[in-house]
Amino acid sequence: MRAEKLLTKADHTVKLIPTPRQFSSDCGIALRFDWSQYEQVKLVLAEARIETDAIHLPDTKRV
């Protein structure tokens, strides 16, 4: 939720969603964002020291 707040404040369009089952069987949350903003999103999260489990491409490839 902190990541959502920071990214929204940085003018990124993000949406909290349940983590898709193909990525995790845990009941977690994920952030959906426009992939064209990937580098900027990654930078905002890194600068805020927000850890991520993974970032997945729209076709479910892991980066």
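The largest pocket in this predicted model holds about 960 Å³ of space. Here a pocket is an open set of points on a 1 Å grid over the protein atoms alone, where a 1.4 Å probe fits and protein lies on both sides within 12 Å along at least five of seven lines. Its volume is the space filled by probe spheres set on those points, which are joined across faces, edges and corners. Lining residues, meaning those with an atom within 4 Å of a point, number 31, and the closest to the centre of the largest pocket are Ile-29, Ala-30, Leu-31, Ala-54 and His-56. The elements giving two or more residues to this lining are α1 (2-9), β1 (14-18), β2 (29-33) and α2 (38-47), with β2 putting in the largest share at 5 residues. Sorted by class, the lining has 18 nonpolar, 7 polar and 6 charged residues; Ala, Val, Leu, Ile, Met, Phe, Trp, Tyr, Cys and Pro go down as nonpolar, Asp, Glu, Lys and Arg as charged, and the others, Gly among them, as polar.

Residues are numbered from 1 along each chain as its sequence is written. As this is a prediction, local features need pLDDT of at least 70 and side-chain atom pairs pLDDT 80 or more, while totals for chains, interfaces and linings use all residues; side-chain values rest on heavy atoms, with hydrogens and water left out.

Zooming out, the chain has 2 helices and 2 strands, running α-β-β-α from the N terminus. Both kinds of element are DSSP runs numbered from the N terminus: helices are H or I with at least four residues, strands are E with at least two. Of the 63 residues, 24% count as buried, where buried means under 20% relative accessible area, exposed over 50%, and partly exposed in between, with a 1.4 Å probe and protein chains only. Among contacts (heavy atoms within 4.5 Å) with a separation of 6 or more, 37% come from residues 24 or more positions apart.

The largest nonpolar core is made of 11 residues: Ala-3, Leu-7, Val-14, Phe-33, Tyr-38, Val-41, Val-44, Leu-45, Ala-48, Ile-50 and Ile-55. Such a core is a set of buried Ala, Val, Leu, Ile, Met, Phe, Trp, Tyr and Cys residues joined through side-chain atoms within 4.5 Å. Helices α1 and α2 each supply at least two residues of this core, and α2 gives the largest share, 4 residues. Leaving aside residues up to four places away in sequence, Ala-48 touches Arg-2 and Leu-6.

The loop between α1 and β1 holds His-12, which counts as buried because its relative accessibility is 11%. With residues up to four places away again left out, His-12 touches Leu-7, Gln-37, Gln-40, Val-41 and Val-44. Its side chain also makes a polar contact of 3.1 Å with that of Gln-37; for this, an N or O pair must sit within 3.5 Å, within protein one atom must be able to donate a hydrogen and the other to accept it, and residues adjacent in sequence count only if both atoms are side-chain atoms.

Most residues other than glycine have a negative phi. Asp-11, though not a glycine, has a positive phi of about 70°; Asp-11 lies in the loop between α1 and β1 and is exposed at 69% relative accessibility. Arg-49 also has a positive phi, near 55°, and sits in the segment after α2, exposed at 75%.
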